[in-house]
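Good morning, and thank you for the time.

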Amino acid sequence: QVQLVESGGGLVQAGGSLRLSCAASGRTFSNYAMGWFRQSPGKEREFVAGISWSGGSTSYANSVKGRFTISRDNAKNTVYLQMNSLKPEDTAIYYCARGVGGPNGAYNYWGQGTQVTVSS
């Protein structure tokens with residue numbers, strides 16, 4: 001059973017930064033792509049960023065490109081999302097997920113989410 005636990009969310013002013021972490025259980029973390037998604041009230045969950053199993057390939061939504069950075073530490077079974085220059089429209093619940101293919105592929109395991117709120 002795969003468990004993904006997000007942390008690092010909170011309240012921040014516009015222009016500020018947060019770093020989200022996602023700790024994964026299991027010994028096969030390094031075999032899989034990982035991703036971050038977000039969902040705000042009244043909207044569908046959307047892809048934010050993805051990273052390949054090795055960390056050598058990343059993908060970002062246009063809305064966060066240049067502001068967010070996804071990374072991973074396979075020795076710690078952890079994936080990160082560094083979020084800079086935050087905007088009120090980044091407010092959402094952020095979920096990490098484990099992929100079944102590359103960073104732009106499908107994802108089949110999800111964490112419980114962590115709330116990020118950006119005030120104007």
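Is Ile70 buried or exposed? Before I answer, a word on conventions. This is a predicted model, in which local features need pLDDT of at least 70 and side-chain atom pairs count only at pLDDT 80 or more, while totals for chains, interfaces and linings use all residues. Residues are numbered from 1 along each chain as its sequence is written, and side-chain values use heavy atoms, with hydrogens and water left out.

Ile70 counts as buried, because its relative accessibility is 4%. Here buried means under 20% relative accessible area, exposed means over 50%, and partly exposed lies in between, with a 1.4 Å probe and protein chains only. Ile70 belongs to strand S7; helices (H or I, at least four residues) and strands (E, at least two) are DSSP runs, numbered from the N terminus. With neighbours within four places in sequence set aside, the contacts of Ile70 (heavy atoms within 4.5 Å) include Trp36, Ala49, Ile51, Tyr60, Val79 and Leu81. The C-alpha atom of Ile70 is separated by 14 Å from that of Ser7, 63 residues apart along the chain.

Let me turn to the core. A nonpolar core is a set of buried Ala, Val, Leu, Ile, Met, Phe, Trp, Tyr and Cys residues joined through side-chain atoms within 4.5 Å. The largest one has 27 residues, of which Trp36, Leu81, Met83 and Tyr94 touch the most other members. At least two residues of this core come from each of several strands, among them S3 (18-24), S4 (34-39), S7 (68-73) and S8 (78-83). S3 gives the most, with 4 residues. Met83 itself touches Gly16, Ser17, Leu18, Leu20, Arg67, Phe68, Tyr94 and Val116, not counting residues up to four places away in sequence.

Next, the aromatic rings. How many aromatic pairs does the structure hold? There are 3, where rings of Phe, Tyr and Trp (its six-membered ring) pair if their centres lie within 6.5 Å, and planes under 30 degrees apart count as stacked, over 60 as edge-to-face and the rest as tilted. Phe37 and Tyr107 form an edge-to-face pair, because their ring centres are 5.1 Å apart and their planes stand at 75°. Since Phe37 lies in strand S4 and Tyr107 in strand S10 (residues 107-110), this pair ties together parts that are 70 residues apart in sequence. Phe37 is buried at a relative accessible area of 10%, and Tyr107 is buried at 11%.

Phe37 also pairs with Trp110: the centres are 4.7 Å apart and the planes at 65°, so this pair is edge-to-face. It links strand S4 to strand S10 across 73 residues. Trp110 is partly exposed, with a relative accessible area of 31%. Ring pairs join Phe37, Phe47, Tyr107 and Trp110 into a cluster.

Two arginines also deserve mention. A charge sits over a ring if NZ of Lys or CZ of Arg is within 6 Å of the ring centre and within 35 degrees of the ring normal. The charged end of Arg45 sits over the ring of Trp110, 3.8 Å from its centre, and that of Arg98 over the ring of Tyr32, 3.6 Å from its centre.

I close with backbone geometry. Most residues other than glycine have a negative phi. Asn77, in the loop between S7 and S8, has a positive phi of about 50° and is buried, at 17%. Ser85, in the loop between S8 and S9, also has a positive phi of about 50°, but is partly exposed, at 42% relative accessibility.
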